[in-house]
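User: I am new to this structure. Please walk me through it in short steps.

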Amino acid sequence: MSYIDAISQPAPRWPGARSPEAEEETRPTEGFDAIPPEAAELPPEASQKIAEAAPPGQSGGEQPPGSNLGGGVVEEFLKWARMSPAEQIRAMYLEEQGMTEDTLKALPPEERERIEFEIANRIEHEVRTSAESPAEQNIRVSINASYAQSMQRVEEGEQAMWGR
């Protein structure tokens, strides 16, 4: 059997697979344009519930899509989306520490320098690890896990040796 003969034959059917005729029956025959406008309208009780849930001064139908998510969510997303990766890492670090840029500026110079150094190290680490291939990342993770396991065994051995 030649290659052309092999590819011109229908594909084998798996047990339990639907026939091509059954597949045709489930495919839509008309596009979305064929939906009558009255079918796209909401029932009156649903429209009333949307209007009641809208903020004061707005009805449900006047809002553009996505604007009913709450202003804070959209602004928060846009704030993070407009940041560079380094700015995101800095903001996450300050958030983890319960600080803001203003509280960081108010710290004594030595403390602020220490925190800036930690942020720079974290940014450098992220840049270094993001440049690794997945294989390199897997190797690094397995080495770290092996090291952690061996350190745990050492601690257990010391505890057993000293009777703790």
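User: In what order do the elements of the protein chain run from the N terminus on?

Analyst: This is a predicted model, where local features need pLDDT of at least 70, side-chain atom pairs count only at pLDDT 80 or more, and totals for chains, interfaces and linings use all residues. Residues are numbered from 1 along each chain as its sequence is written, and side-chain values use heavy atoms, with hydrogens and water left out. Helices (H or I, at least four residues) and strands (E, at least two) are DSSP runs, numbered from the N terminus. The chain has nine helices and zero strands, and the order is α-α-α-α-α-α-α-α-α.

User: What share of the 164 residues counts as buried?

Analyst: Buried means under 20% relative accessible area, with a 1.4 Å probe and protein chains only. Of the 164 residues in the protein chain, the buried share is 9%.

User: Which residues form the largest nonpolar core?

Analyst: A nonpolar core is a set of buried Ala, Val, Leu, Ile, Met, Phe, Trp, Tyr and Cys residues joined through side-chain atoms within 4.5 Å. The largest one has six residues: Tyr93, Leu94, Met99, Leu104, Ile115 and Ile119.

User: Which elements give two or more residues to this core?

Analyst: The core includes Tyr93 and Ile115. Two elements qualify: helix H6 (85-96) and helix H8 (109-130).

User: What does tyrosine 93 touch, not counting residues up to four places away in sequence?

Analyst: A contact means heavy atoms within 4.5 Å. By that rule, tyrosine 93 touches Ile115, Glu118, Ile119 and Arg122.

User: Which residue just after H9 takes a positive phi?

Analyst: Helix H9 covers residues 134-162. Just after H9, a phi of about 70 degrees belongs to glycine 163.

Terms used
Buried means under 20% relative accessible area, exposed over 50%, partly exposed in between (1.4 Å probe, protein chains only). The expected span of a helix is 1.5 Å times one less than its number of residues.
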